[in-house]
Amino acid sequence: MSTYKSDLLSVLDERGYIHQTTDARGLDQLACEGVIPGYIGFDATAPSLHVGSLVQIMMLRRLQQAGHKPIVVMGGGTTKIGDPSGKDESRKLLTAELIDENIAGIRKVFERLLNFGDGPTDAIMVNNDEWLSSLGYIELLRDVGPHFTINRMLTFDSVKLRLEREQPLTFLEFNYMILQAYDFLELARRYECRLQMGGSDQWGNIVNGMELARRKDGRELFGVTTPLLTTADGAKMGKTAAGAVWLNEEQLPGYDFWQYWRNCDDRDVGRFLRLFTDLPLDEIARLEALEGAQINDAKVVLANEVTKLVRGEDAAKAAEATAAQTFAGGGTGDDLPSVAVGPEGMRIAALLTEIGFTASNGEAKRKITEGAVRLDGLPIIDPGTLVEVGEGDQRKLSLGKKKHGIVTR
């Protein structure tokens, strides 16, 4: 049972979102007194966010469900620089046009998970390029620079870890934490924003913003971070051998997204249900207590609920139906990933990589020699096998028991 008085911190605590808070008692009191505008920033480095960002998006959803106002900050300005947090090398710099295209793609997921509008608790989406791009360099140095010391900036993990690994940190990236701190100040001024949330690697950036606002305006701001999210086997959330688990349909088919959750480790089921679904906690407790083969029923519930939130109810139903047909009926289903081959066919190893089951042809060949690959239900043992498909026909390609796809012509 949570020790907090406010619905906001009680929900965040009970569902496992809280790693650190800057002033838990003060924030708890503030949340009991009225609507808190709170923000999380997302850089637009790709046309979709991936599952690693979903816990932050769900934090904004919980904020709104508890009667507060989510502010989604798209980093049109900060994406031009690149956040060094958790990175060993510099990001590739993107054009302004590409950043705008990425923001348009990313917005789709937020529109499913948050209610946008003009009301006191309606979400808003803003772009920090609005204020960052208009800042003069000398103006920024004089106005903000005196509140940051190089000594302190060198102690933050985003800087310290890069230097300890003897990886270059550009002056461009070094400025990122100053600009993120300025974001918090600007949001407080424009929207009365009192709270910034983020992953645990953002702690230093959040504290910087709080201190800047206190020194410049005498404002009291708050911060909450989430734990570093890894799967039970230690893998980073949202990454697989075949690549990132994207939230948008254009980057990852609905069935693959559904399967990611259906195939999660037994030990992750309860935690993922709390973080990524709206199911009541007593129902989650019942599901995570299931044992043996029954835990698979809980995984189907998890896959359905997350897919419904992120992709919509139709996508969840289609993916579950395809899974049922594939596993129980031996069919191919309508929602499986597919790859087309020409009249000349394609080698089996290249097919496995092309469809996304393996990250390379080398990995594909290993899986084939291990006996993990089947074509139309029959085992394939030769990596050089040529797969041909007749005009209008389709064949079923399987890797292990959980990955299935269709080969067409």
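**Aromatic rings and cysteines**

Across the whole structure, a search turns up seven aromatic pairs. Keep in mind that this is a predicted model.

Take one of the pairs, Tyr39 with Phe184. Their arrangement is edge-to-face, 5.6 Å centre to centre, with 65° between the planes. What does this pair tie together? Tyr39 sits in strand β2, residues 37-42, and Phe184 in helix α10, residues 176-191, so the contact links parts that are 145 residues apart in sequence. Tyr39 and Phe184 are both buried.

Next, Tyr260 and Trp261. This pair is edge-to-face too, at 5.2 Å centre to centre and 85° between the planes. Both residues are buried. They also belong to one aromatic cluster, together with Phe257, Phe272 and Phe276.

Now, charges over rings. Arg311 lies over the face of Phe257, 4.7 Å from the ring centre. Arg107 does likewise with Phe116, at 5.0 Å from the ring centre.

Which residues make the nonpolar patch? Tyr137, Ile138, Leu141 and Phe171 do, and the patch covers about 460 Å². Helix α6, residues 137-143, gives the most to the patch, with three residues. Tyr137 is found in that helix.

Last, the cysteines. How many disulfides does the search find? Zero, across the whole structure. Consider Cys193: the closest cysteine sulfur, in Cys32, is 18 Å from its own, too far for a bond. Cys193 is buried, with a relative accessible area of 1%. Cys264 is buried as well, at 8%.

Definitions and conventions: Residues numbered from 1 in each chain as written. Predicted model: local features only at pLDDT ≥ 70, side-chain atom pairs only at ≥ 80, totals over all residues. Heavy atoms only, no water. Disulfide = S-S within 2.5 Å. Buried < 20%, exposed > 50% of the residue type's maximum accessible area, 1.4 Å probe, protein only. Patch = residues over 30% accessible without salt bridge, like charges linked within 9 Å, V, L, I, M, F, W, Y side chains within 5 Å. Areas by Shrake-Rupley, 256 points an atom, 1.4 Å probe, with all protein chains shown as cover. Salt bridge = Lys/Arg side-chain N within 4 Å of Asp/Glu carboxyl O. Helix = DSSP H or I, 4+ residues; strand = E, 2+ residues; numbered from the N terminus. Phe/Tyr/Trp six-rings, centres within 6.5 Å; stacked < 30°, edge-to-face > 60°. Lys NZ or Arg CZ within 6 Å of the ring centre and 35° of its normal.
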